[in-house]
Amino acid sequence: MNWWLNFYFAEGPGIEPGQPKPRGWRLLLSTLSREWWNLIVLNLLFVAACLPLVTAPAAVAALFRVTERIAGDQPCDIFREFRLAFISAFGRATIVAALMAALLSLGGLAVMTYAKAANGHLLFVLPLAMAIAVESLLLIFGCNLFYLLANKQGGLAQLIKAAALSVFVRPLAVFAALAANAVIWLLHVAGYPSTVLFAVLANFSFGALLLVFALREPVSQVLDLQLHGGAAVRPQHVNRPWAGQDF
């Protein structure tokens, strides 16, 4: 048993003194190499917490809380942070999940309706494109809102406002993270059932980590604007793995 305790509680490799902190993809790869075990533990916790189904929204909020701390290289007890976030976010996360499910369902219905209409009449192509754009922005809004619920203090109305404003700050970064998540799950479906183990061990936590890296800067910029009365303050210590100049 000692080997397990030594492995679990051993210090990570750390960063050499004087070494510049990695940026962009190097930061993401560095985080994965340092935190791979914690991500596996987190994924297992998330899967277990989602089993009753009604607890899934709170589990998503807890997943965002822990991955935020991992992305920021902050001290983090996975079990404690997950439990506290799960309990504190349960009520609001459930309400938000119901709201987002209704909005996304309406958006999906609009997309399907206009897609059918566009088959016979080109006049409906423009409404179809607008419906797809709105559905995409709603998806980003939902990601922003769950990230805020998990990591920021404030009333629900304030967080909804911040999430809505954050949609328009670097949306391509969030689209890239969502696309990466879609690819992960498409590969999972294509390789099923041999890929079941990956879903149990890594898919959720890795996908959440990608989203957190993409969401941190837009949300921080909007919150800075709100706190400073419209004076833009650029965050100095926010990881920006998707920014073009970081590659």
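This is a predicted model: local features need pLDDT of at least 70, side-chain atom pairs count only at pLDDT 80 or more; totals for chains, interfaces and linings use all residues.

User: Which helix has the lowest confidence and which the highest?

Analyst: Helix α1 (residues 2–9) has the lowest, at a mean pLDDT of 53, and helix α3 (residues 56–71) the highest, at 93. For the protein, the mean pLDDT is 82, and 82% of the residues reach 70 or more. Over residues 230–247 pLDDT stays under 50, and the model has 45 contacts beyond four places in sequence for that stretch.

User: How should I read the packing of two helices, and what are the values for α4 and α5?

Analyst: The description of two packed helices uses the angle between their axes and the distance between the axes. For α4 (residues 78–120) and α5 (residues 125–151), the angle is about 165 degrees and the axes are 8 Å apart. The crossing of α4 past α5 is left-handed. Sorted by class, their contact has 22 nonpolar, three polar and two charged residues.

User: At what angle do the axes of α3 and α5 cross?

Analyst: They cross at roughly 70 degrees and come within 8 Å. That angle makes α3 roughly perpendicular to α5. On the α3 side the contact is made by Pro-57, Val-60, Ala-61, Phe-64, Arg-65 and Glu-68. On the α5 side the residues are Cys-143, Phe-146, Tyr-147, Ala-150 and Asn-151. The contact of α3 with α5 divides into eight nonpolar, one polar and two charged residues.

User: How far apart are the axes of α3 and α4?

Analyst: The axes of α3 and α4 are 6 Å apart, and the two helices pack at an angle of about 135 degrees. They are therefore oblique to each other. Here α3 passes α4 in a right-handed crossing. Residues in the contact include Ala-58, Leu-63, Val-66 and Ile-70 of α3, and Phe-82, Phe-86, Ala-89 and Phe-90 of α4. By class, the contact of α3 with α4 has 16 nonpolar, two polar and three charged residues.

User: Now the charged pairs. How many salt bridges are there?

Analyst: Side chains of opposite charge can pair when their charged atoms come close. With a cut-off of 4 Å between the side-chain nitrogen and the carboxyl oxygen, the count comes to seven salt bridges. One of them joins Arg-34 and Asp-73, with the closest N and O atoms 3.4 Å apart. Arg-34 is in helix α2 (residues 24–50) and Asp-73 in the loop between α3 and α4, so this pair ties together parts 39 residues apart in sequence.

User: Which backbone value stands out at Asp-73?

Analyst: Most residues other than glycine have a negative phi, and most peptide bonds are trans. Asp-73 is not a glycine, yet has a positive phi of about 55 degrees. The residue is in the loop between α3 and α4.

User: And the peptide bond from Tyr-192 to Pro-193: cis or trans?

Analyst: That bond is cis, with omega near 10 degrees. Pro-193 is placed in the loop between α7 (171–190) and α8 (196–227).

Notes: Residues are numbered from 1 along each chain as its sequence is written. Side-chain values use heavy atoms; hydrogens and water are left out. pLDDT is the predictor's confidence in each residue, from 0 to 100. Helices (H or I, at least four residues) and strands (E, at least two) are DSSP runs, numbered from the N terminus. Contact means heavy atoms within 4.5 Å. Axes are lines fitted to C-alpha atoms, for helices over the stretch in contact, and angles run from 0 to 180 degrees between N-to-C directions. A crossing is left-handed if the near helix is turned anticlockwise from the far one by less than a right angle, and right-handed if clockwise. Ala, Val, Leu, Ile, Met, Phe, Trp, Tyr, Cys and Pro count as nonpolar, Asp, Glu, Lys and Arg as charged, and the others, Gly among them, as polar. Angles under 35 degrees count as roughly parallel, over 145 as roughly antiparallel, 65 to 115 as roughly perpendicular and the rest as oblique.
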